[in-house]
Amino acid sequence: MSIIAAGTQVPDFSLATADGEGFTQADLQGKTTLLVFYPFAFSPVCTDQFQIYEEALPELSAQGVTVYGVSTDATDSQQAFKEKLGVSIQQLSDFEPKGESARKFGAYFEPGGMTDRALVLVGPDGVVRWSHLAANPGELPGVNLIFDGLAASAA
């Protein structure tokens, strides 16, 4: 399976927020959203990724982008990860059924039974504007890639 393509309507999906509330495609309506799919809380590459993205949040926010992290970790693990790193990026859990939403986005790494490392930019209309799937889960997509995706989707 490949990553969801630009121009595709976001599929029906259901994730969980840290407080256990549901988060669905309806929560994306009316704002530009970057979904950051990542393999595991507390892994070295994921730690680096969220620290780098946190530093870029003011620039992303200035462009009207809201960022969410998505993994198959349980919400408690995600919350501990967020607090340990001192980041403000809200985490969304695709824990149960494991990876169901990530599969719909083409962001699930079946051999590892985990979320793949992928970026999906969704416009206020719920249509994917840009997406990127890393060559492997150990590859960190730099923040410049996000800005390039934003620029390309605006053209």
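Analyst: We may begin with R103, which counts as partly exposed because its relative accessibility is 30%, and the term covers what lies between buried (under 20% relative accessible area) and exposed (over 50%), with a 1.4 Å probe and protein chains only. The model is predicted, so local features need pLDDT of at least 70 and side-chain atom pairs count only at pLDDT 80 or more, while totals for chains, interfaces and linings use all residues. Residues are numbered from 1 along each chain as its sequence is written, and side-chain values use heavy atoms, with hydrogens and water left out.

User: What makes the contact of R103 and E110 a salt bridge?

Analyst: A salt bridge requires a side-chain nitrogen of Lys or Arg within 4 Å of a carboxyl oxygen of Asp or Glu. For R103 and E110 the N to O distance is 3.3 Å, and the structure holds 1 salt bridge. Side chains of opposite charge can pair when their charged atoms come close.

User: What makes the rings of Y38 and F50 a pair, and of which kind?

Analyst: The structure holds 9 aromatic pairs. The centres of the Y38 and F50 rings are 4.7 Å apart and their planes stand at 70 degrees, so this pair is edge-to-face. The definition asks that rings of Phe, Tyr or Trp (its six-membered ring) have centres within 6.5 Å; planes under 30 degrees apart are stacked, over 60 edge-to-face, and the rest tilted. Y38 lies in the loop between β3 and α1 and F50 in helix α1, so the pair ties together parts that are 12 residues apart in sequence. Helices (H or I, at least four residues) and strands (E, at least two) are DSSP runs numbered from the N terminus.

User: How do you know the kind of pair that F42 and F81 form?

Analyst: Their ring centres are 5.4 Å apart with 70 degrees between the planes, which is edge-to-face. F42 is in the loop between β3 and α1 and F81 in helix α2, 39 residues apart. F81 is buried at 1% relative accessible area, whereas F42, at 42%, counts as partly exposed. F42 also has a phi near 75 degrees, a positive value in a residue other than glycine.

User: How do you know on which side of α2 the buried residues lie?

Analyst: In α2, T75, Q78, F81, K82 and L85 are buried. They cover an arc of only 120 degrees around the axis, so they lie on the same side of α2; the arc is that of the directions from the helix axis to the C-beta atoms. The face turned away from this buried side carries the exposed residues D76, E83 and K84. The buried residues of α2 pack against β1 (14-16), α1, β4 and β5, where contact means heavy atoms within 4.5 Å.

User: What makes β8 a strand that pairs with β3 and with β9?

Analyst: Two strands pair if DSSP finds at least two bridges between them. Antiparallel β3 and β8 are joined by 5 bridges, and β8 pairs with β9 (residues 128-133) in the antiparallel sense, also over 5 bridges. V36 stands opposite L119 in β8, and L119 stands opposite H132 in β9. Both faces of β8 are covered: A118, V120 and V122 are buried on one side, L119 and L121 on the other.

User: What makes a group of residues a nonpolar core?

Analyst: Its members must be buried Ala, Val, Leu, Ile, Met, Phe, Trp, Tyr or Cys residues joined through side-chain atoms within 4.5 Å. The largest such core has 23 residues, and L34, L60, V67 and I146 have the most contacts inside it. α1 gives the most to this core, with 6 residues. Leaving aside neighbours within four places in sequence, I146 is in contact with L34, Y53, L60, L119 and W130. Apart from this core lies another, of 20 residues, including I4, F37, Y68 and Y108.
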